[in-house]
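Please examine the sequence and the structure shown below. The briefing that follows sets out the main points by topic.

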Amino acid sequence: MRLFAAAAVPLFLALGCDGGLHPELSPTACTAGICGVVRFRGAVPDSTDYVRVVVYQAVPDSLDQITSFAGFSDPLPLGPDSARYTCCITPLAPGAYAWVLVVWKKLGALDVNSAPALLMAAGSFLDPADTTRLGTVTVPPAGGAGGIDIVADFGQLQSISAFFPAARAP
Amino acid sequence: MRLALLAALAALGVAGVPAARAQQPTLRRIAGTVVSATDSSPVAGASIAIIGTTLRMTTDAAGRFEFPRAPVDGLDLLAARIGYEPEIASLPAGADDDSSVVVVLPPNPIQVAPVVVTASREAQLTEEAPVSVSVATAEDLERRATIGIDEAIARVPGVEIQDGQIGIRGSSGYAKGLGSRVLLLVDGVPVNEADRDGIDWDLLPVTEVERVEVVKGTASAMYGSSALGGVVNVITRDIPDPLELRIRLLGGGYADPPYAAWRWRTTPALFGGVDLSLSRRLGPVKLLLSGGGLSNEGYRQNNDDRRAHALAKLVLVSSPQLQAELVAAAADESYGQVLLWCVQGQCDDGGQAYQPFRVDSTTLGDRTRSTKYMVQATARRALAPDLALRGRLSWYRTSFEDAYRTTSDQATSDRLGGELGAEWHPREGRVVDVGTEGTYATVTSDLFGDHSQTELAWYAEDETDVGASGRVTLGARVDAIAVDAVAWNAIASPRLAASWTWWPVRLRASVGRGFRAPSLAERFTSTAAQGIEVIPNPNLENESSWSGEVGAAAPATRNLVVDAALFWSEYQNLIEPELVTSGTEIQFTNVTRARVRGLDLTARATDLVHGHVTASLAWTWLDARDLTADQPLAFRPRDLATLSADWLTDLGGAGAVTLGFDAHVASSPARVEIFEGDRRVAARTLDLRATWRRRGVTVVAKVENALNYIYTLVPRTLEPPRTYSVALTLDQ
C-alpha cells in the first residue's frame, strides 16, 4: 500500500502542476509578408472553389500575366463575416506591390485561358488617401506590412481581366 | 484418415512426425463439475482442458463439462477462470468412465486472465506465455463503460492510441491511421483494412466483448505482416445456455471549454446510445444477436458522429471434439471530418491565435461515411487426443466516401482470408503447430486506384517443456506477397522464446523477426490538397525488425504481483511520408532505420484496506530514435504511466458499490512531424467512476478528464475535455 501511495503522490502533483493548453491572443504585429482583415459582403456563390488574397507586383496588362502572382494566402474561411489573413506561403520579398486583392475562384480547372472566366476580383486594397484608386503596399526589408484591410463584396465580382490597363483606358 | 493427416503434417514441414501408430488408443468418458472453493457454487464459463491433449471446452451454466473421448492414461485436468486461481486435477489411469470429477477453484481477485490464446495461437496459462501479454477483461470494459474498444485498451501498459492509431511500445507514431504496425484480430482472425491496413475500432460493439488480449512486441512469426509491433485480439463473449437479454443505455455530455475565449456553443454537446443483445442455446447451437447505435454531437465543431452496428454469433456445441463458430458483423458510421483545429484567420477566431474547439470554416460540413462488413467462420476438430485440425474462412469489406466541400473520394476494399492448421501433442508438455494461410486483398478507389495484394504463408512452431520448470518455443513463418499478381517477394520471420520458473519468479525471454508489407494505400495513393500532391510509390519495400524482450513476473507480497520487461526493437526500412525534390510532392518512402527500447513495469495489488481496494500502477519508459536522421522518432512519448484504484463495498441487499479512478500521464513527444513550432504539453488525465450493481442491474457513472485538462496527442487535434456519462446495463 505504501508503494502505491508513494507512486500516487508524484502522479497527482504532476497532474496539478500544468494547466495544459490555454488561449493565446493573436499576434498584433505582422512579422512577414502582408497581414490584414478581409470583411465579406453578399452571399458566397454556390460555385465557389476558394477565396484567397492575391498579390501582384504590378497590375497585369495581359492574359499571360494573370497567374503571375507575387504571392497568395491560404484559402480564407467563408463562414464568418470577416477573416484575418497573413500572406503568403512563401514570404513576400521586400518591395512595393501595386495590387493586393481578394480573388474569388470559380470551380473549374485554372489556366491562362480559363482565368478570365474563373478568377474574379471581389475587392482590392485601396489607397487610404484616395479610395477610388488601388493602394500600393510596401513590404519593409525586415518584418511585414500590417493593416492591409480589404472589403470583399460577392455581389460585385469583376473579372480580373477587367483591370488590365487597356481595359480600363477610356 | 489419420494417416493422411499425419502425412499432411509431415508435408507441412514438421520434423519428427511419426508414421501412423499401430494401435488406436483406448478412450474413456470424463465428466464433472467446476465449483468455487468459497461456497461450492458452480463456476460457469471456466476453461477446462486435458493437459497434453487437444481436448478443451468451456463449462456450462451449471459448471459442467464432459469429454466423451478422453485417454485412458493418467491425465491432468486444467481449469481456469478469471477471478480464480487456475487448478490442476490429476486423474489416475483407468479404462472406466468417470462422471464425478470435481475441480475446485480458489477465488483470487488478482487473477486477471488466467488463460490467453494470442501469444502462441493455442490457449495457455498467462504466466507461461513467453512474451508480454496484457488483458482488458469484460469487467474492465464494464467498469469503464467505454464506447469503443480503443478506449478499453488505451490504459493497457505500453499502449498509446493517438487519434485512433495504436502504438504498442513505440512501434507506431501517427500517420492518419495508414499502415498500422499492430494487427487486429477478432477471435483470432485478422481484420485490418485491406486498403489502408488500418484498424476499425467500431467494428464490434464493446458490450459483446469477453476480453481483449494485447501481445506486445513483434508477432510476425505467427501472424505475418502488420504484427510488426504487436497484436490486439478481441475475443467475443461466450454465450450462456439460458435465454439472456442484455440492454445497455448510455448517455452523457461534454463540459464547456475551461476558457470563455474558446466557447463555441451555447448548449452542452450530448451523446447517447443503446445496445441490445439476445442470446440462448437452441439444441446443439448457441446464438447471439446484437445491435445498437450511438449519436454523438461531438465536443468540437463539425465533430458529430452517428453509428449503427449489428453482430451475430453462432456457436456449434455438439461435442468437445468439434468447436465451430460463425461471427458476422456490420457497422455504419457517418461523421463530420475534423482534420485540424482552426488557427488565426481560418474561422471566427475571436482574436485568438488558435481555436481548438473550432475548425477551418472552409471545412465546415465536410463529412465521411464509412461502412464495414465482416463474416468469419472458424472450426477446430480434435481428431484424436493428440491431434486437432483447425480452419477458417473470412471476409472483411470496408468502404468510405468523403464528401468534402472541395473534393469527394471513395474506396471499397475486400479482404478474403483462409487458414488451415494442425495442432499435434506428441507427448505431454509438447505442442507442434503447423499451418498455411492465404489472404487476397483488393481495393477500388479514386484515391488508391484499383489494385490487389496476394499473400500466402506457411508457419510451424514447436513449444516444449524443458526440465521441470522451463518451456521453449521455436517457430518460423514464411510469407510470400505479390502486388497486382506480380513481383512476388518472400519474407521469413523466425522466433525463439522461452519461459521458466526460478521460484518465485517467472522469467521469460524472446527474440524474433517481424515485418510489415506496405499497404495498398501507401503504395498507390494519388491525390492533391492545398497545393501539396501525394504521388504513388509502387516500389515500396517491406518494413522489418528484429525484436527482443526479457521479462519477469513475481509476487512481491501476498497480495502484490510485479511484472517487469526490458524490450528492444531494431527497425529497417520504416515507411514515412517524405517531401520529394519538387518541394510540393509527398511520397511514401523507405527511409528510416530506427531503434526502440524501453522498460515496462506493472504492479497490481488486491485486498488492500481490509480487502476493499484493488490498485495497479503501470509505467512504460521509451527511448525511440530515428537512427538515419539521428533524432527522436516522431509521436513517441518517453513516459506513459497509469495509476488505477477501485474501492469496493458490499451494501448487502442494496447491492455493491465500486468507486475508482485512473490517473494517466503521457509525456509530450520529443518530436512531431507536423506543426513542430506549436506548443505541446503532456497528456495528464484523471478519470473517476462509480459503479452500482444489484441483481442484473449495473449503473456506471463516469467523469473522464475530470480536471478538464486541454491537451493534444496529435498537433492541432484536440483530445476530449471533461466528459460526463452514465451507463445502465440490464442483464436478464
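In chain A, A:Met120 has A:Ser159 of strand β12 as its bridge partner. A:Met120 belongs to the pairing between strand β7 (residues 119-124) of chain A and β12(A), which is antiparallel and has 2 bridges. Two strands are said to pair if DSSP finds at least two bridges between them. Strands (E, at least two residues) and helices (H or I, at least four residues) are DSSP runs, numbered from the N terminus.

This is a predicted model, in which local features need pLDDT of at least 70, side-chain atom pairs count only at pLDDT 80 or more, and totals for chains, interfaces and linings use all residues. Residues are numbered from 1 along each chain as its sequence is written, while chains are lettered from A and ligands numbered from 1 in the order in which they are written.

**Chain A**

- The antiparallel open sheet of chain A has 5 strands in the order β3-β2-β6-β7-β12.
- β3 (71-72) and β12 (158-159) of chain A stand at the edges with a single partner strand each, so one side of each has no neighbour in the sheet.
- The secondary structure of chain A comes to 3 helices and 12 strands.
- Of the 170 residues in chain A, 31% are buried; a residue is buried if 20 or more other C-beta atoms lie within 10 Å of its own, exposed if 12 or fewer, and partly exposed in between, with C-beta atoms placed from the backbone.
- Among the contacts in chain A with a separation of 6 or more, 72% join residues 24 or more positions apart; two residues are in contact if their C-beta atoms, placed from the backbone, lie within 7 Å.

**Confidence in the model**

- The pLDDT, the predictor's confidence in each residue from 0 to 100, averages 88 in chain B, where 95% of the residues score at least 70.
- Residues 1-24 of chain B have a pLDDT below 50, and this stretch has 25 contacts in the model beyond near neighbours in sequence.
- For the complex, the predictor gives an ipTM of 0.79 and a pTM of 0.80.

**Where the chains meet**

- The contact between the chains takes 28 residues from chain A and 37 residues from chain B.
- On the side of chain B that touches chain A, at least two residues come from each of β23 (354-359), β36 (585-607), β37 (613-626), β39 (639-650), β40 (656-666) and β41 (683-694) of chain B.
- That side of chain B divides into 24 nonpolar, 8 polar and 5 charged residues; Ala, Val, Leu, Ile, Met, Phe, Trp, Tyr, Cys and Pro count as nonpolar, Asp, Glu, Lys and Arg as charged, and the others, Gly among them, as polar.

**Strands of chain B**

- Strand β24 (residues 367-384) of chain B runs antiparallel to strand β21 (residues 322-336) of chain B, and 15 bridges join them. B:Glu333 has B:Ser370 in β24(B) as its bridge partner.
- β24(B) also pairs in the antiparallel sense with strand β25 (residues 387-403) of chain B, over 17 bridges. In β25(B), B:Ser399 is the bridge partner of B:Thr371.
- A hairpin through 2 residues joins β24(B) to β25(B).

**Domains of chain B**

- Chain B is assigned domain 1 (27-108) and domain 2 (140-403 + 462-731); such bounds come from an automatic or database domain assignment.
- The C-alpha centres of the two domains of chain B lie 34 Å apart.
- Domain 1 of chain B has 15 residues in contact with 12 residues of domain 2 of chain B.
- On the side of domain 1 of chain B that touches domain 2, β4(B) supplies the largest share, 6 residues.

**Nonpolar cores**

- The largest nonpolar core has 117 residues, of which B:Val212 and B:Val232 touch the most other members; a nonpolar core is a set of buried Ala, Val, Leu, Ile, Met, Phe, Trp, Tyr and Cys residues joined through C-beta atoms within 7 Å.
- This core draws at least three residues from each of domain 1 and domain 2 of chain B.
- A second, separate core of 37 residues includes A:Val100, A:Leu101, A:Ala122 and A:Ala145.

**Positive phi angles**

- Most residues other than glycine have a negative phi.
- B:Asp197, although not a glycine, has a positive phi of about 60°; B:Asp197 is buried, with 26 other C-beta atoms within 10 Å.
- B:Phe635 has a positive phi near 65° and is buried, with 24 other C-beta atoms within 10 Å.
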